[in-house]
Each structure stands twice: as structure tokens, then as C-alpha cells.
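Good morning, everyone. I have one chain to show you today, and I'll keep it brief.

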Amino acid sequence: LDPNLPWTLRRANVLVRGLDLPATIGKQVQLGEVVLQIHGETEPCPTMDRQFPGLQEALRPACRGGVHASVIAGGPIHVGHPIQVLN
């Protein structure tokens, strides 16, 4: 699988770097003004393979497909906003 594929092929809403996603499950994170309650790992779906064959399986280990969350506090987010685990 080509590591240079654009992250948008994953259909992600937000891309973050430097955060241990499995460690955020069950916790709240703050991104800019936004606070999110992280509920669990996002299960890569067959749509991923329609985008690029092999992508679904490549995103399975260690939350590489991302996590899903609910919004606790909304607001604008921008590229470069800091992200931190709150609890």
C-alpha cells in the first residue's frame, strides 16, 4: 500500500499527528476550542477498498482508521490548532 496516498481517501473528518489514538478511547480531547468525547475505534469499511484496494485492511491495526467521537463543545478548528487529552 502506497504510504503517500492522500489522507482524504480514508474519508476522515480531521487528521491529527502525534496523538496516541488508542489511548484516547473513553477520554475527552480538545482541538482548538472543540472538545470531543472519544467513544471508540472507527471500523474501516468496504468503501475503503473501493477507494483503493487493500486500504481497509491497512487501516485495521492500532486505530489507523481513526476513532469516532461526539462533540461536547463546538467551535472552529484550523490547521495547526493544538490537540490535547483532557482526562
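**Fold, surface and one threonine**

Follow the protein chain along its sequence and the pattern reads α-β-β-α-α-β-β. That comes to three helices and four strands. One caution before we go on: this is a predicted model.

Next, overall dimensions. Along the principal axes, the C-alpha trace of the protein chain spans about 35 × 25 × 20 Å. The chain has 87 residues, and 24% of them are buried.

The accessible surface of the protein chain comes to about 5,700 Å². Carbon and sulfur atoms hold 54% of that surface.

What about charges? The protein chain has 7 positive and 7 negative charges. Their mean positions lie 2 Å apart.

Where is Thr24 found? Thr24 sits in helix H1, which covers residues 21-24. Is Thr24 buried or exposed? Thr24 counts as buried because its relative accessible area is 2%, and the cut-off for buried is under 20%.

So which residues does Thr24 touch? Leave out residues up to four places away in sequence, and the list is Leu19, Val29, Ile38, Val67 and Val85.

To recap Thr24: a helix H1 residue, buried at 2% relative accessible area, with Val67 and Val85 among the residues that Thr24 touches. Thanks, and over to you.

Conventions. Residues are numbered from 1 along each chain as its sequence is written. This is a predicted model: local features need pLDDT of at least 70, side-chain atom pairs count only at pLDDT 80 or more; totals for chains, interfaces and linings use all residues. Side-chain values use heavy atoms; hydrogens and water are left out. Helices (H or I, at least four residues) and strands (E, at least two) are DSSP runs, numbered from the N terminus. Buried means under 20% relative accessible area, exposed over 50%, partly exposed in between (1.4 Å probe, protein chains only). Accessible areas come from the Shrake-Rupley method with a 1.4 Å probe; for residues, only the protein chains shown count as cover. Lys and Arg count as positive and Asp and Glu as negative; His and the chain ends are not counted. The place of a charge is taken as NZ of Lys, CZ of Arg, CG of Asp or CD of Glu. Contact means heavy atoms within 4.5 Å.
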